[in-house]
Amino acid sequence: MSAAAATRHISAEPYAFEFTPAACALLVIDMQRDFLEPGGFGAALGNDVTHLRRAIAPNRALLAACRATGLTVLHTREGHRPDLADLPPAKKIRGHGARTIGDPGPMGRLLVRGEPGHAIIPELAPLPTEPVIDKPGKGAFYATDLHASLQHRGIRQLIVTGVTTEVCVHTTVREANDRGYDCLVPSDCVASYFPEFHSAALKMISAQGGIFGWVTTSEKILAVLHSP
Ligand code: C5J
């Protein structure tokens, strides 16, 4: 199927998603070492990072299929300038942890651009042609050029994956929804440090007739991407 192919239906909650490949992008949120590996920002907050690793294999398969189909792919990274000029003091001190954003750790300064921990995990490394949006907040539209990048490409639909389900994925889906994008979230391609938050966050997206968007699985998306 070429990216210009017409609308297809992907089985989803609360009802089938009308998938238009030429107007749809895969947006992979914050699959960074700082969230998924020991010694990063997520671990510094006291989280068990192993919960997030289950999303890696489904993301790899989806990424490969989207690339093969010619779908637009974008990635995001949460992080701050080395001088921390874009770090609100409230975010710096939140949690009162022993190590906070900008402090040194085993993968360099926590959540700081250019440090090893800020990088996207090697399993999901972006291609040189895939935009990487650096964001200082939880939502990918706040203080970034994501909306302009999508508009320039004629994108109206987003398949949103990544971590964490209830924080950066959810905030981004809400921001996208308010800007007129239809969002489809494959449940196995998003993950949370808290399984109960993951489930609740997915229900919040598809409840009330899809108040924020649609929820499906990568298998259902792949079935459509792979079908002639
Ligand atoms: C968090 C994120 N959880 N990417 N960031 O702080 O969800």
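Some ground rules. Residues are numbered from 1 along each chain as its sequence is written, and side-chain values use heavy atoms, with hydrogens and water left out. As the model is predicted, local features need pLDDT of at least 70 and side-chain atom pairs count only at pLDDT 80 or more, while totals for chains, interfaces and linings use all residues.

Start with the ligand. Which residues surround the ligand? They are Asp 30, Phe 35, Glu 78, Lys 138, Val 163, Thr 164, Val 167 and Cys 168, where a residue counts if one of its heavy atoms lies within 4 Å.

Now the polar contacts, meaning pairs of N or O atoms within 3.5 Å. Glu 78 places a polar side-chain atom 3.0 Å from a nitrogen atom of the ligand. Val 163 has a backbone N or O atom 3.1 Å from a ligand nitrogen. For Thr 164, a backbone N or O atom is 2.9 Å from an oxygen atom of the ligand. On its own the ligand has 230 Å² of accessible area, and the protein covers 93% of that, by the Shrake-Rupley method with a 1.4 Å probe.

Last, the cysteines. How many disulfides does the structure hold? There are 0, a disulfide being a pair of cysteine sulfur atoms within 2.5 Å. For Cys 24, the nearest cysteine sulfur belongs to Cys 66, 7.4 Å away. Cys 24 is buried at 0% relative accessible area, buried meaning under 20% with a 1.4 Å probe and protein chains only. Cys 168, from the ligand shell, is also buried, at 3%.

Notes:
Polar contact = N/O pair within 3.5 Å; in protein donor to acceptor, adjacent residues only side chain to side chain. Buried < 20%, exposed > 50% of the residue type's maximum accessible area, 1.4 Å probe, protein only.
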